[in-house]
Amino acid sequence: MSSITDAARQLRDAADLPGALQAARHAFEEMLAEIQSWQEPDSPLFTAFVMAAGYAADGRDAMLFAPSRPWPSGQPGQPAAARGPAEETAEQAAGAVVGLCDVLVSRLGQLAASAAGHDDREACLEAAKSARVVRDLLAGG
Amino acid sequence: MPGRVTFGDFLDGARGHLSSGASSGRVPTGGEDLRDGGRAVRRVILVLARYAQDVASGFGTWSDEPRRQLSAWDQAVADVLDELDHAARHLKLSPASIRTNPGTRPSSGLASRMDQAASQLRTGRELLDTHFESAPDGTRRQHSEWAAAVASPTLRRALLAEIASVAQQVADEVDQAVESPGWRGTLGPRRALNAASHCLRVLGDSVLTAQEHELVPASHRDLLYDMPASILPPRRLPGHEDDIARLRDGVIDSAQRTSRAIWQSTVEPASPSAVTITSLRQMASYAVLTSHHCEILLRAAADKAAIYFPTQDPSHAIGAAVDAAARTRESWLAVARALSHFTTDKRGEVTHATREADGLAMWTGRLAYEDPEWTLTSGPAHEPRSARTLVPALADIPRIVATVHHAIDILEPAADAEHDQARAAAKDGRLLVPTVSQRQADSTQPLTPAPDDRVADLLNEYQVAAQAAADVTAAMSGIAASVASPSRVLTTARAAAGAGRQRHTVRAKPETRRPGLLETSVHDLGVTSPWLVQRAVALDRASEQLILDAAAEPGTGYDGTPAETLGQSASTAAVVRNILESADPRAAALLQPRRPQQELPEREP
């Protein structure tokens, strides 16, 4: 199971709000790492990956500011730089990230509807918006 | 500058009116009033005097300061001011004299041409004046990115030389008018015109003397002629029907708008509290893509140049510029990746400069790719345009070079401006990183101000990007000169402005770094892909970070063994060596034995 698939599974399985927020943050981190791993200028996906990286980081940031997210996370500070690609080709990576974005959009939508705190709801909506943009960029516009 | 009115248009217009009499050999029809002509000549002289005052005062942006030694050009400025003043005084005819010359008819030749020339010169001066503005306290200040060049000593000399040249033309006209038998007028106006003409010729001599001491380069005269007004072309997006020529013009217009926005952000920096990670990230992404698109365009130009100039410098120079553009792209990509580790408390808003850079990335991409509906969000798979489409003829090489030159020219100032914004935000404690451990979490917040070493790494990436952009800009300047591209005025403007200003940031030499284990291995394998090398560097850094974190962790078994002997293998020794050579303050901890935990004294019974 790739780290992208694993991140999607963790997000689906998260039982409570803090766990789901942490899983969403982790999902964005994994997505960002994968996207950055495939930013090759010769690839037809280069522009899409360059644009998508910023939105993935924006989504991660939204989760960082969610009040109910548990911290410290214990995650390393620079995960994106520390690992290579999880998928075998740029196209597979794009497909995996699009799949993860679908899960994020769905799960964050649920969280935004059910979270009690305003700031948590706003954070989920903002992150879901970023995930939608990443999905659209990598799925072909 | 596509379709933009320039100072040269008005100067040429004035010259055209001034030469339509004397040079054409047209004999005055007679009966015209010499005093009408005299008054019109005076109006031209007054405009020229205002130009001379602009030259003397740097367009009002600086006051006179005592100088130890007057240069030939300083002397020329003083002489021109004096002679124009004298000429104007000679021509200040008393209103009474008008009534003493009955029977004449208004001048339709000399006066008319002088008035039209004066009008053109006034408009030209207004054009130059658009690059300056009055501050609330009444002082004059720069209003555009061109202003520093306009007010530079070299451009002012070029302007003074043009003033003198126009004055000679006026003198020629006046002399012919005075000597022509058909003109009517009393002795007074005729003598006044003679005296004024003499003054105009004297000031020309003074400027000639200055030119003999230090010639105004032709490139500076060209820049003066090509100087546009500060008013920018309107922002627009590429249309589906835009052909290559319109797309090229669109890139240049967009580059000018971006250049202005960056310049404004530099002279009036936003408050650190206004800096957002969103804006910093987007600017970096747009710079990556603009560099990438320029590389594609230059590749096409290189293909064609190899055909047209198979053994000449331009072909090799364009090929080298392709590589330089690729390095710029990679360095901006490193900035974008570095920024992904940070955030700011305020997010979402983007600066004016970033919005304009978005437009430039869009325009350069539309020109680089075949798809007429291409956008930054179009998604994967788009074919670059062929060299045959982009550069169909030899004459198109200077055009595509000018287009790329304008786009590339914004990347260095962008890196400097963004560097300063990031530094200001960090200094203000607003560049944040997640709090990852209780050890780091002195505060009770989930995000904490970024540590100095990580901020330094980010700022270093900006400096590397600025240097790479400076290199590719220099390459484009050389190409523009060799293929006679109209964009060579950018080089002259930069040189002229640079002579009179100091860089607002001092570029530190990028941190020298010994390659890590993986990077060395990748190089040993003969891998040259920047992407793979970058990944190896990232993994090496992550290894170093892991060892630093582990060494600092309470309860580790580290006993202060000298760092060089920490690893039994050469591989770990290399990692430790790099840590010790880094600027990380925690590296020192590796050399110092941890003090054994102090034992509590035994309680006395």
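In what order do the three strands of the open sheet in chain B run? Here are my notes on that and a few other spots; bear in mind that this is a predicted model.

1. The sheet. The order is 3-4-5 in chain B, and the pairing is antiparallel. Strand 3 and strand 5 of chain B sit at the edges, each pairing on one side only.

2. How the strands pair up. Strand 3 of chain B (residues 343-344) joins strand 4 of chain B through two bridges, in the antiparallel sense. If you want a spot to look at on screen, B:Thr343 stands opposite B:Leu432 of strand 4. Over on strand 5 of chain B (residues 447-449), there are three bridges to strand 4, again antiparallel. One to look up there is B:Leu447, the bridge partner of B:Pro434.

3. Side chains on strand 4. In a regular strand, side chains alternate between the two faces of the sheet. Strand 4 of chain B (residues 431-434) has B:Leu431 and B:Val433 pointing one way, with B:Leu432 and B:Pro434 pointing the other way. Are these four buried or exposed? All of them are buried.

4. A helix pair in chain A. Now over to helix 5 (residues 90-114) and helix 6 (residues 118-139) of chain A, whose axes come within 8 Å and cross at roughly 155°. The crossing of the two chain A helices is left-handed.

5. What makes that contact. From helix 5 of chain A the contributors include A:Ala94, A:Val97, A:Val98, A:Cys101, A:Asp102 and A:Leu104, while helix 6 of chain A brings in, among others, A:Arg121, A:Cys124, A:Leu125, A:Ala128 and A:Arg135.

6. A threonine worth a click. A:Thr47 is part of helix 3 of chain A (residues 46-64). Why does A:Thr47 count as buried? Its relative accessibility is 7%, and the cut-off for buried is under 20%. Setting aside neighbours within four places in sequence, A:Thr47 is in contact with B:Leu289, B:Tyr369, B:Trp374 and B:Leu376.

Terms used: Residues are numbered from 1 along each chain as its sequence is written. Chains are lettered from A and ligands numbered from 1 in the order in which they are written. This is a predicted model: local features need pLDDT of at least 70, side-chain atom pairs count only at pLDDT 80 or more; totals for chains, interfaces and linings use all residues. Side-chain values use heavy atoms; hydrogens and water are left out. Buried means under 20% relative accessible area, exposed over 50%, partly exposed in between (1.4 Å probe, protein chains only). Two strands pair if DSSP finds at least two bridges between them. Axes are lines fitted to C-alpha atoms, for helices over the stretch in contact, and angles run from 0 to 180 degrees between N-to-C directions. A crossing is left-handed if the near helix is turned anticlockwise from the far one by less than a right angle, and right-handed if clockwise. Contact means heavy atoms within 4.5 Å.
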